[in-house]
Amino acid sequence: MGWETLNRTRRKDGYEMVWYEKKLHYVHRMMAEKYLPNTENKPCVNHINGVKWDNRIENLEWATYKENNNHAKDTGLWKYNHPYKHHTGNNYNNQYTKNK
């Protein structure tokens, strides 16, 4: 039996998950890995319409971390405006620790 026919569960944040081979997996990632070519080796799977449980192939695309974050900001899905440190390479940026 393939994972596509297994029972899915939806997390509080909207992502669908499925138990497969004794592990919990994101459905959108499994769909993309099976059906979407990733010729540029991008690490993220983006929901084009922003609906996290809409795992249709036509609603998924491979993206870089930056593309995925920009899409979330541009569509109003970005909800994390907190002062946590953001890691970029070896540099850390935190507005609350600068100039102290």
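Helices (H or I, at least four residues) and strands (E, at least two) are DSSP runs, numbered from the N terminus. This is a predicted model, in which local features need pLDDT of at least 70 and side-chain atom pairs count only at pLDDT 80 or more, while totals for chains, interfaces and linings use all residues. Residues are numbered from 1 along each chain as its sequence is written, and side-chain values use heavy atoms, with hydrogens and water left out.

Begin with the loop between strand 4 (44–47) and strand 5 (60–63), where Val51 lies. Val51 counts as partly exposed because its relative accessibility is 28%; buried means under 20% relative accessible area, exposed over 50%, and partly exposed in between (1.4 Å probe, protein chains only). Tyr15 is 36 residues from Val51 in sequence, and their C-alpha atoms are 8.8 Å apart in space.

Asp54 is found in the loop between strand 4 and strand 5. Its relative accessibility is 12%, so Asp54 counts as buried. Leaving aside neighbours within four places in sequence, Asp54 is in contact (heavy atoms within 4.5 Å) with His47, Asn49, Asn59 and Leu60.

Leu60 also belongs to the largest nonpolar core, which has 9 residues in all, among them Val18, Val45 and Trp62. Such a core is a set of buried Ala, Val, Leu, Ile, Met, Phe, Trp, Tyr and Cys residues joined through side-chain atoms within 4.5 Å. Helix 1 (27–35) and strand 5 each supply at least two residues of this core, and the largest share, 4 residues, comes from helix 1. Leaving aside neighbours within four places in sequence, Trp62 is in contact with residues including Ala32, Leu36 and Val45.
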